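The sequence and structure are shown first.

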Amino acid sequence: MKKHTRIVLAAACAFAMAGAFALFGCSSEPKAEEPQNAENQSNAESHEAVELQIFAANSLSKAMEEVQALYKQDHSWVSFADTQYEASGTLNEMLGAGSYADVLITASKATMDTAVNSNYVDAATRFDMFTNELVLVTGENNASVSDIKLEDLSAGTYTLAVGDANVPAGNYAKQALSTTEPPCWISADGAVGKESSGKEGTFEGTPLAGKVTEGSSVGNVCSYANSGDVDLAMVYSSDVYRFGGVKIVGTVPADTHKKILYPAAICADSKNPAAAREFLDWAFTNEGAVKIWQEWGFELAA
């Protein structure tokens with residue numbers, strides 16, 4: 001009888017201990033999360049909810065979406081309106097027509113100069129975020145075109161796609177094309193290379209006359225090469241990561257065009273300048289954000 005009692009007591013103790021461990025295990029997980037949840041909740045409660053409207057150059061779209069998602073993880077009080085991705089010139093036109101934005105990021109110094117001169121942005125908040133490079137691409141499955149140099153275009157044997165006057169990548173492309181011998185693009189004011197705006201000019205009377213398709217965005221320009229409508233296209237290296245379907249077959253010499261910069265600034269009419277500044281600072285310095293930019297082909301400006 002005593003033996004039976006000891007067995008029952010031992011079993012009861014073991015069961016009680018197992019229950020205690022189970023309860024401890026169940027209760028330990030929430031406790032580990034409580035500090036972080038409490039901190040996030042405290043941060044959210046100490047900030048007023050804010051929605052930021054970003055106007056950004058087309059080429060930033062994929063990277064920006066990831067950066068915004070990462071930002072919201074630790075800034076739950078911040079949301080983003082439908083971010084507008086357009087050619088930089090088009091973004092300026094939208095601001096000029098009365099569209100609202102907190103942040104403007106363009107793909108060229110010239111378009112940000114226009115924004116400053118037109119009072120669309122606060123000039124004191126302007127800084128350069130990224131650099132990029134101009135490349136020659138062809139369709140991913142096009143095996144007939146490889147190892148192309150800028151000078152090869154002056155032979156007039158290739159069809160080409162570039163951005164139109166509103167697309168900074170197209171402006172840089174035309175600047176570069178004006179430096180070939182003979183010139184493949186002629187500026188209206190006779191300027192060449194870096195001295196040209198890459199906006200007003202013509203392909204007529206050059207080896208590329210009748211061989212150029214101009215697109216309203218770098219996405220369109222890439223699609224012309226991807227589909228085989230043209231032999232080559234001139235786009236940013238980041239566009240190859242963003243769109244796919246094309247491959248790099250040549251790099252345009254950096255000294256044939258203005259330096260490719262992506263300036264950012266807070267818009268003059270922003271209702272949330274402090275929150276906008278915080279986001280821009282974070283996007284430029286946060287290790288996770290920097291990694292995302294680099295994975296999409298962008299390098300931080302020095």
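What follows treats the annotated site as a whole and then two of its residues in turn.

The structure is a predicted model, and the site annotation comes from an unreviewed UniProt entry, which lists Ser-59, Ser-88, Ala-169, Val-218 and Tyr-236 under "binding site".

**The annotated site**
- Although these residues span 178 residues in sequence, no two of their C-alpha atoms lie more than 14.1 Å apart, so they gather at one spot.
- The lining of the largest cavity includes Ser-59, Ser-88, Ala-169, Val-218 and Tyr-236.

**Ala-169**
- Ala-169 belongs to helix α5, which covers residues 168-177, and with a relative accessible area of 1% this residue is buried, because buried means under 20%.
- When neighbours within four places in sequence are left aside, Ala-169 is in contact with Leu-134, Val-218 and Tyr-236, and Val-218 and Tyr-236 are also listed by UniProt for the binding site.

**Tyr-236**
- Tyr-236 lies in strand β12, which covers residues 232-236, and counts as buried at 1% relative accessibility.
- Not counting residues up to four places away in sequence, Tyr-236 touches Ser-59, Ala-107, Asn-132, Glu-133, Leu-134, Val-135, Pro-168, Ala-169, Tyr-172, Ile-260 and Tyr-262; among them, Ser-59 and Ala-169 are likewise listed by UniProt for the binding site.
- The side chain of Tyr-236 also reaches the backbone oxygen of Ala-107, at 3.4 Å.

Conventions
Residues are numbered from 1 along each chain as its sequence is written. This is a predicted model: local features need pLDDT of at least 70, side-chain atom pairs count only at pLDDT 80 or more; totals for chains, interfaces and linings use all residues. Side-chain values use heavy atoms; hydrogens and water are left out. UniProt positions are given in the numbering used here, feature names are shortened, and annotations may be inferred rather than shown by experiment. On a 1 Å grid over the protein atoms alone, a cavity is a set of points where a 1.4 Å probe fits but cannot get out, and a pocket is an open set with protein on both sides within 12 Å along at least five of seven lines; lining residues have an atom within 4 Å of a point. Helices (H or I, at least four residues) and strands (E, at least two) are DSSP runs, numbered from the N terminus. Buried means under 20% relative accessible area, exposed over 50%, partly exposed in between (1.4 Å probe, protein chains only). Contact means heavy atoms within 4.5 Å. A polar contact is a pair of N or O atoms within 3.5 Å; within protein, one must be able to donate a hydrogen and the other to accept it, and residues adjacent in sequence count only if both atoms are side-chain atoms.
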